[in-house]
Amino acid sequence: MTYETLTDAETRDLRALAGLMIPASATHGVPGADDDLIFPDILRSLERDTADAKTALQQLVTLSGGAFSDLTAERRGEVAARFKQEGGAPLFALNRVVLLCYYRDDRVMRSLGQEPRSPFPKGHVVEQGDWSLLDPVRTRPPMWRRV
Amino acid sequence: MHEKVDVLIIGSGASGAAVAWSLADTKMRILCLEQGDWVKPTDYPTNGRDWEARLFGDFAINPNRRARETDYPINNGTSPIQVVNFNGVGGSTIMYTAHYPRLHPSDFRVKTLDGVADDWPVDYATLEPFFAENDRVTGVAGLEGDPAYPHHALPMPPLPLGKTGKCFGEAMNKLGWHWWPSDSAIATTEYDGRAPCINLGHCTPGCAQGAKASTDVTYWPHAIRAGVQLRTRARVREITVGPDGLATGAIYYDAEGKEHFQPAEMVIVACNGIGTPRLLLNSVSARFPNGIGNSSGLVGRNLMFHPFAHTYGYVDEPIDGNTGAQLSLWSQEFYETDRSRGFVRGYTLQLHRGAGMIVDAIANTARGFLPWGEAHHDVYRTIFNRKLGLSAICEDLPEEHNRVTLDPVLKDSNGIPAPKIEYTLGENTKKMMAHGVARSKEILEAAGAKNVGSDAPMLNAGWHLMGTARMGTDPERSVVNEWGRSHDVKNMFIVDGSIWVTSGGVNPTSTIQALALYIADNIKRRLADATLFD
């Protein structure tokens, strides 16, 4: 399946928006969503959400009165706050792609104590637990209705 | 023209696989047509780093989003619940959670006990040996002694309790409410050639380990070794009938779109509660102008989902998150009718582990918890791996206006009319959901959770598709008889969830498969005494 690509102007606006959604944090030692590795992943991953992304970015241009990426930081914040309120389903789809690329970045995963790897084949350890916790339930009489 | 077979099964999911396996010992010529492909273990998302992203792409649960060639579109109309499924060998068992409760004895007698809907023409005791056989073939893990059920043996020990389970268990004990490790169709030890669960995370996107009992790794290998033929990429358009009113076979399209006719002595439909009425309604002839087997006018009507009322909250310390099967505990505290609650029938509470990093972020954005800007990181770190979730899986009562019809415009890639869903929530269900949310909040409070919220009903939760070709003894009030044979077409059977009379309040796969084995057993017995087509 082939999908449309974003124009250069849309790409610039999306990068500015992504960096505003999830900025880099020195406190947590993590990049922002506009990072040189993460942002290209976002562009590649739009796929079936491309149409929604374009709709959302067009709305962003309308709210900005021009290119969002050309606005001052203060003005970007104001426009983004309104966009978050009014963006609806297209913005949610766009936000979803930003999140799904951001939270699979190795640096971000490590900062949250996660191993950057696929679940298979290593799997995970879940503690067996203490089934004596069930003892009060074991003593209950049958609860099901006899028919 | 293909060689005629004795038995043509349409659909290779939960019920189609079970009936194929059971009939294999007759040595009849059995063929199953499946519109999808085999899914290889290496295809599953958990093989790759992009595993969570694929839940929104080629492994999305909603077929309209997934949009594979092998999927058909569904017009969900204004329904508050969207149909989710999978099309391929194993059907929706590929993507189910493998939560595997049985219906309870009372579920088969709702009219007698509670004065609503109808009693089933079969009961729990009749199905009990087929439940046991199904548990053995499937491989079910769990803990015997649940006071919410008649005693039944379980072949494997339960899934681990984990940190999340401990939180829930302590909260439920504080409230004095029932909870128990679920019957799960997941191997916890080596079982019938399958490796045990290694906790890849949620089971919904399919199991790369092969521990989850999807029917492509349970029934099908045995059925194929016993001589059953399974033909993939064969999408059935219609069941055909002869001048005597008996089914003669089916017309299907292959992967290249070429039309075929497959003749058969007997046709068994196993396409689920949406696919089955769609196929029957598309099978129009001079004899059956309103669709095959539809003299009652009930094909497609009485659609039942299980409306899910999901409630969640966040604890202070990290718990299991995405590690381990999502569902491994249940509560049946509110399952049986108590009229003082203001509704009849009841629900199961599923007690969930959390989600992966991405799904957690997306869900919490949707809930408005996760801000943009500098605060994003701090807030995310207070919610990641800290979620406790519960779903009340509510019994849905049959109502004729809830139904599947054929969409006049929407078609699949072969030009076959797509299903259209017309569905509204009943008043009894709404009260039940509200009760489930309220009790779930009490549990979360007992567990010390904060930021409690709910989604009721969950939109993308139309997993359980029931009632659209109901069984019964009265041909005017049902589509198939008490052993799954069409009242109208004596060599056509239906074995999937569409034959359910009522929905119960549990995940249906175990009971769907037990019913399929029961119908197969009836077919075999009646073949032996030559009464099958009487």
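Predicted model: local features only at pLDDT ≥ 70, side-chain atom pairs only at ≥ 80, totals over all residues.
**Entry 1: β10(B) and its neighbours**

I started with β10 (residues 347-352) and β11 (residues 387-394) of chain B, which pair in the antiparallel sense over six bridges. Strands here are DSSP runs of E with at least two residues, helices are runs of H or I with at least four, and both are numbered from the N terminus. I count two strands as paired if DSSP finds at least two bridges between them. In β11(B), B:I393 stands opposite B:T348.

Residues are numbered from 1 along each chain as its sequence is written, while chains are lettered from A and ligands numbered from 1 in the order in which they are written.

Then I looked at β9(B), which pairs with β10(B) in the antiparallel sense over four bridges. There B:L329 has B:L351 of β10(B) as its bridge partner. B:L329 also stands opposite B:P181. β9 (residues 327-331) is joined to β3(B) by two bridges, and these strands run antiparallel.

**Entry 2**

I traced the order as β3-β9-β10-β11-β8-β14 of chain B, an open sheet of six strands with antiparallel pairing. The edge strands, each pairing on one side only, are β3 (180-181) and β14 (450-455).

**Entry 3: where chain A meets chain B**

I found 45 residues from chain A and 55 residues from chain B in the contact, taking two residues as touching if their C-beta atoms, placed from the backbone, lie within 7 Å. On the chain A side, the elements that give two or more residues are α1 (8-21), α4 (73-86), α5 (88-102) and α7 (135-138). The largest share, five residues, comes from α5(A). That side divides into 25 nonpolar, 10 polar and 10 charged residues (nonpolar: Ala, Val, Leu, Ile, Met, Phe, Trp, Tyr, Cys and Pro; charged: Asp, Glu, Lys and Arg; polar: the others, Gly among them).

Next I checked α5(A) against α8 (residues 357-366) of chain B: their axes come within 9 Å and cross at roughly 150 degrees. Axes are lines fitted to C-alpha atoms, for helices over the stretch in contact, with angles from 0 to 180 degrees between N-to-C directions. α5(A) and α8(B) are therefore roughly antiparallel (over 145 degrees; under 35 is roughly parallel, 65 to 115 roughly perpendicular, the rest oblique). Among the residues that meet are A:F92 and A:L99 of α5(A) and B:I358 and B:I362 of α8(B). This contact has seven nonpolar, two polar and one charged residue.

**Entry 4: helix pairs within a chain**

In chain B, the axes of α4 (residues 124-138) and α11 (residues 509-528) come within 8 Å and cross at roughly 110 degrees. That makes α4(B) roughly perpendicular to α11(B).

The contact includes A:L14 and A:L17 of α1(A) and A:L57 and A:V61 of α3(A). By class, I noted five nonpolar, no polar and three charged residues there.
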